[in-house]
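Dear colleague,

I am passing on the structure we spoke about, and I would be glad if you could look it over with the notes that follow it.

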Amino acid sequence: MAAFLLQKEVQLKSSPVLVTETDQRVEKILISAIRARFPLHREESVAAGEPCVLTDEPTWIIDPIDGTVNFVHRFPFVAISIAFTVNKQFGIVYSCVEDKLFHAQRGRGAFLNGEKLQASGQEDVSKCVVVTEIGAERDDLALSTMTSNILRLLQLPVHGVRALGTAAVDMCQVATGGADAYYHIGMHCWDIAASAIIVQEAGGVVMDTDGSDFDMMSRRVIAASSTSVANSIAQVVQAFPCRRDDED
Ligand code: IPD
C-alpha cells in the first residue's frame with residue numbers, strides 16, 4: 001500500500017504486460033517466508049517464467065500483484081493472490097486498497113474479513129451481472145474474440161458487464177454475490193488459483209469456457225453462481241488459442 005501511491009518504475013514484460021519493482025519485492029517476501037517455514041514445499045509464481053507444473057506435492061501458487069496495470073495507474077483494485085494445493089487446498093486473495101481479505105479452505109467455506117461468503121445462487125443468466133476483462137492478449141484474434149464475447153454476453157441479455165482489472169478480485173465478486181458470474185480467457189493460473197477455491201467454497205461453480213471441467217492451466221475460466229448460469233455463458237463465448245501455463 002505504501003508503494004501504491006508512489007510513482008512507479010515500470011518494466012514492460014511483454015506488451016502490454018507490466019512488472020514493477022513491487023511485484024518482485026512482494027514475491028521475495030512471500031517466498032522467503034514460505035521457505036523459512038516449509039522448506040520442502042514448491043512454489044509456482046509469475047516471476048519464475050517457467051511452465052507451471054502441478055504435482056501432488058504441496059505447492060504454493062502465488063501472484064504477488066494481480067492487477068499490475070491498476071497498481072501502476074493507482075486504479076484502486078489490486079490484490080495479492082496465494083493458493084496452496086495438496087490433498088486439502090486453500091486460497092487467499094488480499095484486495096489491498098479495499099483492505100479485504102478473502103480466504104477459503106476446501107470443505108470449510110469461504111470468508112471475507114472473517115464473514116462467511118455465499119454466492120448469489122442466481123439461475124437465470126438474464127438477471128446476472130457478469131465480470132470480465134479484455135485481458136492482456138492483444139493480437140487481432142484475441143481482441144476480436146474478447147470484444148465479440150462481450151457483445152454476446154450483452155445480447156443474452158445480462159443485467160450488466162463489469163471489469164475491475166484484477167482477475168483475482170473479479171472472481172471473488174462471484175463469491176460475495178455482488179456479481180453472478182465471471183468469465184475470462186488469457187489470464188494465468190496464478191491469477192485465479194486462489195479465487196477458484198474461494199468461489200467453490202462460497203457455493204459457486206467453476207468450469208472451462210467450453211463447458212468442460214475446470215482446468216487451472218488452460219487459461220480459460222467461467223465462475224458462476226450456478227451451473228445453469230455457467231452453461232449459458234459457455235454456450236455463447238468463444239475461445240482463442242492460448243499457450244497453456246504448463247506447456248514449455
Ligand atoms: C492480469 C489481471 C487482469 C487479467 C489479465 C491478467 P497481472 O494479471 O488479472 O485482470 O485480465 O489477463 O494477466 O498481470 O496484473 O498479474
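The shell around the ligand takes in 15 residues, and those that come nearest are Thr-68, Glu-133, Gly-135, Ala-167 and Met-187; please keep in mind while reading that this is a predicted model. Sorted by class, the shell holds four nonpolar, seven polar and four charged residues. Both domains contribute to the shell, with at least three residues drawn from each of domain 1 (3–116) and domain 2 (125–236).

That brings me to how the two domains meet. The domain assignment of the protein gives domain 1 as 3–116 and domain 2 as 125–236, and their C-alpha centres lie 19 Å apart. Across the boundary, 33 residues of domain 1 are in contact with 23 residues of domain 2. On the side of domain 1 that touches domain 2, at least two residues each are supplied by β3 (42–45), β4 (59–66), α2 (68–73), β5 (79–85), β6 (89–95), β7 (100–105) and β8 (110–112), and the largest share, six residues, comes from β6. By class, the residues of this side divide into 20 nonpolar, nine polar and four charged.

Several of those strands belong to an open sheet of seven strands, in the order β3-β4-β5-β6-β7-β8-β9 and with mixed pairing. The edges of this sheet are β3 and β9, each of which has a single partner strand, so one side of each is left without a neighbour in the sheet. At one end, β3 and β4 run parallel and are joined by four bridges, with Arg-42 standing opposite Thr-59 in β4. Helix α1 (residues 21–37) packs on the sheet, where it touches β3, β4 and β5, and its direction makes about 155 degrees with that of β4. Helix α4 also packs on this sheet, touching β4, β5, β6, β7 and β8, and its direction makes about 110 degrees with that of β6.

The strands β6 and β7 form a hairpin with four residues between them, and in the turn Asp-99 has a positive phi of about 55 degrees.

There is a further open sheet, made of five strands in the order β11-β10-β12-β14-β13, in which the pairing is mixed. Its edge strands are β11 (160–162) and β13 (205–207), each pairing on one side only, and the twist from one strand to the next averages 20 degrees. Strand β12 (residues 181–185) and strand β14 (residues 220–224) run antiparallel and are joined by five bridges, His-184 having Val-221 in β14 as its bridge partner. On this sheet, helix α4 (residues 167–176) packs against β10 (129–131), β12 and β14, which it touches, and its direction makes about 150 degrees with that of β12.

How much of α4 is covered? The helix is mostly covered, with nine of its 10 residues buried: these are Ala-167, Ala-168, Val-169, Asp-170, Met-171, Cys-172, Gln-173, Val-174 and Ala-175. One of these, Ala-167, is also among the residues that come nearest to the ligand. After α4 comes Gly-177, whose phi is positive, near 85 degrees.

Finally, a note on Val-125, which is found in the loop between β9 (115–116) and β10. Is Val-125 buried or exposed? Val-125 has 25 other C-beta atoms within 10 Å and is therefore buried, the cut-off for that being 20 or more. Leaving aside its neighbours within four places in sequence, Val-125 is in contact with Leu-156, Val-158, Val-229, Ser-232 and Ile-233. Ala-202, by contrast, is 77 residues from Val-125 in sequence and 19 Å from Val-125 in space, C-alpha to C-alpha.

With best wishes

How values were computed:
Residues are numbered from 1 along each chain as its sequence is written. This is a predicted model: local features need pLDDT of at least 70, side-chain atom pairs count only at pLDDT 80 or more; totals for chains, interfaces and linings use all residues. Two strands pair if DSSP finds at least two bridges between them. Axes are lines fitted to C-alpha atoms, for helices over the stretch in contact, and angles run from 0 to 180 degrees between N-to-C directions. Two residues are in contact if their C-beta atoms, placed from the backbone, lie within 7 Å. A residue is buried if 20 or more other C-beta atoms lie within 10 Å of its own, exposed if 12 or fewer, and partly exposed in between; C-beta atoms are placed from the backbone. A residue is near a molecule or strand if its C-beta atom, placed from the backbone, lies within 6 Å of it. Ala, Val, Leu, Ile, Met, Phe, Trp, Tyr, Cys and Pro count as nonpolar, Asp, Glu, Lys and Arg as charged, and the others, Gly among them, as polar. Domain bounds come from an automatic or database domain assignment.
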